[in-house]
Amino acid sequence: MAGAASALFLLDVKGRVLIWRDFRGDVTSLEAERFFTTLVQKQDDVISQGPVVHEKGVTYMFVQHKNLYLMAASRQNCNAASLLLFLHRVVQVFNHYFEEFEEESLRDNFVVVYELLDEMMDFGYPQYTEALILSEFIKTNAYKMEVVQRPPMAVTNAVSWRSEGIKYKRNEVFLDVVESVNILVNRNGQLIRSEVIGALKMRAYLSGMPECKLGLNDRLLLEAQGQTTKGKAIDMEDIKFHQCVRLARFENDRTISFIPPDGAFDLMTYRLSTQVKPLIWIEAQVERYSKSRVEIMIKAKSQFKDRSYANNVEIDLPIPPDATNPKIRTSMGTATYKPENDAIQWKIRSFPGNKEYLLRAEFTLPSISSDDGLPERKAPVRVKFEIPYFTISGIQVRYLKVIEKSGYQSLPWVRYITAAGEYEIRLF
């Protein structure tokens with residue numbers, strides 16, 4: 001086999017080697033010094049900056065975390081993406097063990113770090129990178145262990161993310177379909193940016209080694225099955241799965257099949273770059289009564305169905321930094337002046353569909369710098385909200401099946417949530 005890492009180095013911000021593990025004997029600690037010298041030389045060259053550096057027959061792959069560099073060196077034609085992913089997994093594992101992974105915690109836990117590295121990489125090949133599994137047989141206070149514990153079955157099993165022998169009195173699985181809406185509207189009311197970022201968040205409390213099958217209204221899947229897709233299917237982009245999903249089966253017939261980890265995890269994420277109608281629309285009208293007295297009227301309108309409600313709506317309205325004595329009235333909710341943010345925050349606890357609410361704010365300006373009575377203000381109106389039992393993309397879970405050899409009955413629960421992500425409307 002070829003393509004393995006020769007050594008793994010952990011360096012401080014000055015390039016000094018704190019910990020290193022030699023796996024193949026073809027690089028030395030001098031390579032770390034050569035790597036850091038090359039890195040410093042390329043610091044000002046934006047074009048050549050990147051996580052992979054090749055110098056004198058050695059390939060260096062590195063990530064930076066706080067005040068540390070994690071670097072893998074190899075003299076072979078290795079899989080750089082795989083080793084970079086491994087380095088990120090190392091950071092996750094160390095964060096799990098030490099709460100905060102930085103130089104001080106590294107120096108305090110040399111023994112545990114070497115134990116973890118020996119389990120996570122063997123002869124330069126990545127092995128086990130699941131923190132929950134590693135923590136079952138490598139304890140933080142390793143010197144207190146009286147007997148050598150047997151490694152959990154997950155280490156010797158093909159399913160490294162789940163241990164055997166898990167039992168629950170009540171077998172349940174919860175699936176949350178969460179979508180974040182990113183929108184940018186310019187001063188003319190035109191939609192400049194529109195996308196939906198979705199995630200399927202799962203919490204599995206299932207006994208044994210269950211097999212789960214999930215069906216979505218995926219257009220490619222429905223077309224492959226010969227079903228009509230008009231108005232019922234969606235096209236997902238940039239799909240990213242948890243490692244438990246069988247990718248070969250998904251690529252073959254678009255079936256999402258997996259053995260879930262125990263507890264909470266993100267099953268998949270996706271993106272839709274379709275044109276999205278703003279769920280909450282904001283309009284503004286400015287009236288100047290005198291050279292120093294200005295009134296702003298804001299109209300917020302919900303543009304979703306009557307039976308849905310947007311909860312915990314927050315609308316941050318920017319106002320001039322020199323505004324004083326604001327008098328605020330609202331037809332619904334509460335509004336508060338936030339002088340530290342130069343904004344008025346309007347909160348509506350529950351916003352029904354197809355409704356309009358108004359806010360009027362009157363304030364004085366000691367200095368007028370433009371004809372409309374408002375100094376130039378570039379900050380946009382930012383909106384936050386959450387709509388339960390609703391997805392803007394129309395994604396639907398068609399089925400969620402749990403199959404286990406003991407034949408127990410499980411209770412699957414599915415919930416839909418749409419929330420505001422980067423939701424900005426430029427009015428002024």
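Visitor: What should I know about numbering and thresholds before I look?

Guide: Residues are numbered from 1 along each chain as its sequence is written, and side-chain values use heavy atoms, leaving out hydrogens and water. In this predicted model local features need pLDDT of at least 70 and side-chain atom pairs count only at pLDDT 80 or more, while totals for chains, interfaces and linings use all residues.

Visitor: What pLDDT does the chain average?

Guide: pLDDT is the predictor's confidence in each residue, from 0 to 100. Of the residues, 87% score at least 70, and the chain average is 84.

Visitor: Which elements have the lowest and the highest mean pLDDT?

Guide: Elements here are DSSP runs numbered from the N terminus: helices (H or I, at least four residues) and strands (E, at least two). The lowest mean, 49, belongs to helix H6 (residues 153-156), and the highest, 95, to strand E21 (residues 381-388).

Visitor: Is Asn-312 buried or exposed?

Guide: Asn-312 has its place in strand E16 (residues 309-318), and its phi is near 50 degrees, a positive value in a residue other than glycine. Buried means under 20% relative accessible area, exposed over 50%, and partly exposed in between (1.4 Å probe, protein chains only). With 55% relative accessibility, Asn-312 counts as exposed.

Visitor: Where does Tyr-389 lie?

Guide: Tyr-389 is not a glycine, yet has a positive phi of about 60 degrees. At 69% relative accessibility Tyr-389 counts as exposed. Its location is the loop between E21 and strand E22 (397-403).

Visitor: Within what arc do the buried residues of H1 fall?

Guide: Helix H1 (residues 30-41) buries Glu-31, Ala-32, Phe-35, Phe-36, Thr-38 and Leu-39. The arc is that of the directions from the helix axis to the C-beta atoms. The buried residues line one face of H1, because, seen down the axis, they fall within an arc of 160 degrees.

Visitor: Which strands do the buried residues of H1 pack against?

Guide: On the other side of H1, Leu-30, Glu-33 and Gln-41 are exposed. The buried residues instead pack against E1 (7-12), E2 (17-22), E3 (52-55), E4 (58-65) and E5 (68-74).

Visitor: What arc do the buried residues of H4 cover?

Guide: In helix H4 (residues 110-120), the buried residues are Val-112, Val-113, Leu-116, Leu-117 and Met-120. They are on the same side of H4, because around the axis they cover an arc of only 135 degrees.

Visitor: Which residue takes a positive phi in the hairpin of E3 and E4?

Guide: E3 and E4 pair in the antiparallel sense over four bridges, with Val-52 opposite Met-61 in E4. Two residues lie between the strands of this hairpin, and the residue with a positive phi, near 50 degrees, is Lys-56.

Technical notes. Contact means heavy atoms within 4.5 Å. Two strands pair if DSSP finds at least two bridges between them.
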